[in-house]
Amino acid sequence: QERRILEQQLANRQDQIEQLGSSLEKVKDTLDQSAARYAEAVNELERRKALHEVELQRVKADRDHLKEKSKKDVERIKRLRAELEQQEEKYAEQLETLKKEYAQTRQKLERTQEKMAAAEERELSGTRVASAEPPVIELIEPPVSLTRSGNYTASVRHGIDQREVVGKVKAPAGVKIFNVNEQPAKVDENGLFNVMVSMKDTRTPVSMVVVDKLGQRVSLEFDLFQQLDQQDSSQTAQTSGSQSEFPRISGLGDYHALVIGNSEYEHFTDLRTPANDARAVAELFEKEYGYKTKLILDATRYQILSALNEYRANLTKNDNLLIYYAGHGEIDEVNNNAFWLPVDAEKENTANWISTRNISEILNVMAAKHVMIVADSCYSGALTRSALARLQSGKTVEQWVKWFEKMSKLRTRMVLSSGGEEPVNDGGGGEHSLFAKAFINVLKKNNRPLDGYRVHLAISDRVKASIDSQGLALEQTPQYAPIKFAGHEAGEFVFQPI
């Protein structure tokens, strides 16, 4: 039994020895393969080393070639620089010669212009220009009416010492003399004037005389009547021969106002006055003019377009809409396209900018008969197109009423902008902008139906007066004209207080 156990163990040992031998053979084969791969790697390294030596020699050759070429380039640059200096000296001499020739030519031109101006002055004073249109005096404030007696009168508040008189002189040949009550008065480059008339008792006569450079003389005379207490009003009416209070214009329809004031911007500089301007304008429209007003402060693009589309969907042909916008504006000088900037507008991304062309397109399809934009922003004048004919002052009450009724039947798309295609001032009016302060004051003082053009003239006068009184180095001229591509016919927007 013990022998069989030993023989079994011996057989097991023999199997193990055979397995170990087989494993040893495999390890030997693996070592042989590794040795072969190592030999191949050594051979590849030697080959690459040889290639590297060849490449290194080529690089050295290229470097030597570049050094030689660089030397030649340096010499060439020195030669070109010397030639350039010679040309600069030559051009400098030519420039000096041209400057002398320019100065001589300019002197000749100035002498020629002086001769032409003298000849033109002689021509203007001669008979050849005797047919030029005579000057016209147009009153803006106070509004005057023609009385039954044939005199022009205007009612003013009782108890004042002075009354502001605002108007415009149109003189194709140029203004030579303009007097108010025999005193010289100033007329600006646009023909606007603003004078203070001292009141004398109940009735103060005012005489205006303009003489153009052709010697043509035109005068306008009217009386300022101070409104007395109610018990004396009948006597005043009999004395002045004036007509009754200016009647309300019927059939104008309902008035709506969308007022937008953007002050706090996410990506642009904040503005100081738009929010204050918008609040004051909204309150004025609602309380004194009876508008159904929607006020939006710090409006996003979505809010503005949503409000416009809401009006587009709901207003009828019997409605009036005034849109007031105060905030940042930008302009694309290449395409002459202006933009309103909502508070979420980005500087380098126009996705949230609102093109004034888009606004015009919305207004064009809007049913409302009378629409006016009042825009207090930079470049707001880019909304406008051509100018339009104006109504002269000095109409009777009946003539004014007929004119308003006629205008109310025509489709209107007008814009009153704070300036032309240039930046405008954010301040200058205390808590308001220059433009907003003038706009609010004009409408607050108004007590009769007033067309948009006369609102524009009154605002222009006040803006200019504020700029002059504050000594501001600013060019800002409010504009009033039909909106581009919005379907304007020939109507007017009428402001009628409650």
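**Close-up views of helix and strand packing**

**View 1. Helix H3 (residues 274-288) and H7 pack at an angle of about 15°, and their axes are 10 Å apart.** This angle makes H3 roughly parallel to H7, because angles under 35 degrees count as roughly parallel. The crossing in which H3 passes H7 is left-handed. The model shown here and in the other views is predicted. From H3, the residues in the contact are Asp277, Ala280, Val281, Leu284, Phe285 and Glu288. They meet Ala436, Phe439, Ile440, Leu443 and Lys444 in H7. By type, the residues of the contact of H3 with H7 are 8 nonpolar and 3 charged, with no polar ones.

**View 2. Helix H7 (residues 434-445) packs against helix H8 (residues 452-470) at an angle of about 130°.** The axes of H7 and H8 are 9 Å apart. The angle makes H7 oblique to H8. H7 passes H8 in a crossing that is right-handed. On the H7 side, the contact is formed by Leu434, Phe435, Ala438, Phe439, Val442, Leu443 and Lys445. On the H8 side, their counterparts are Val455, Ala458, Ile459, Arg462, Val463, Ser466, Ile467 and Gln470. The residues of the contact of H7 with H8 divide into 11 nonpolar, 2 polar and 2 charged. Phe439 and Leu443 of H7 are among the residues that meet H8, and both are also among those that meet H3.

**View 3. Helix H8 has 19 residues and is followed by Gly471.** From its first C-alpha to its last, H8 reaches 27 Å. This is close to the 27 Å expected at 1.5 Å a residue. Gly471, after the end of H8, has a positive phi, near 65°. H8 also lies across strands E1, E4 and E7, and runs at about 85° to E1.

**View 4. Strands E1, E4 and E7 form an open sheet in the order E1-E4-E7.** The pairing in this sheet of 3 strands is antiparallel. Strand E1 (136-141) and strand E7 (192-198) are the edge strands, and each pairs on one side only. From one strand to the next, the twist averages 35°. Strand E4 (residues 162-170) pairs with E7 in the antiparallel sense over 7 bridges. One place to look for this pairing is Gln162, whose bridge partner in E7 is Ser198. Strands of a sheet pair through backbone hydrogen bonds.

**View 5. Strands E13, E14 and E15 form an open sheet in the order E13-E14-E15.** In this sheet, 3 strands pair in the antiparallel sense. Strand E13 (329-332) and strand E15 (354-355) stand at the edges. Each of these edge strands has a single partner strand, so one side of each is left without a neighbour in the sheet. Strand E14 (residues 337-340) and E15 are joined in an antiparallel pairing over 2 bridges. Within this part of the model, Phe339 stands opposite Ser355 in E15.

Note on methods. Residues numbered from 1 in each chain as written. Predicted model: local features only at pLDDT ≥ 70, side-chain atom pairs only at ≥ 80, totals over all residues. Heavy atoms only, no water. Axes fitted to C-alpha atoms, helices over the stretch in contact; angles between N-to-C directions. Helix = DSSP H or I, 4+ residues; strand = E, 2+ residues; numbered from the N terminus. Parallel < 35°, antiparallel > 145°, perpendicular 65-115°, else oblique. Left-handed = near helix turned anticlockwise from the far one by under 90°. Contact = heavy atoms within 4.5 Å. Nonpolar A, V, L, I, M, F, W, Y, C, P; charged D, E, K, R; others polar. Pairing = 2+ DSSP bridges. Expected span 1.5 Å × (residues − 1).
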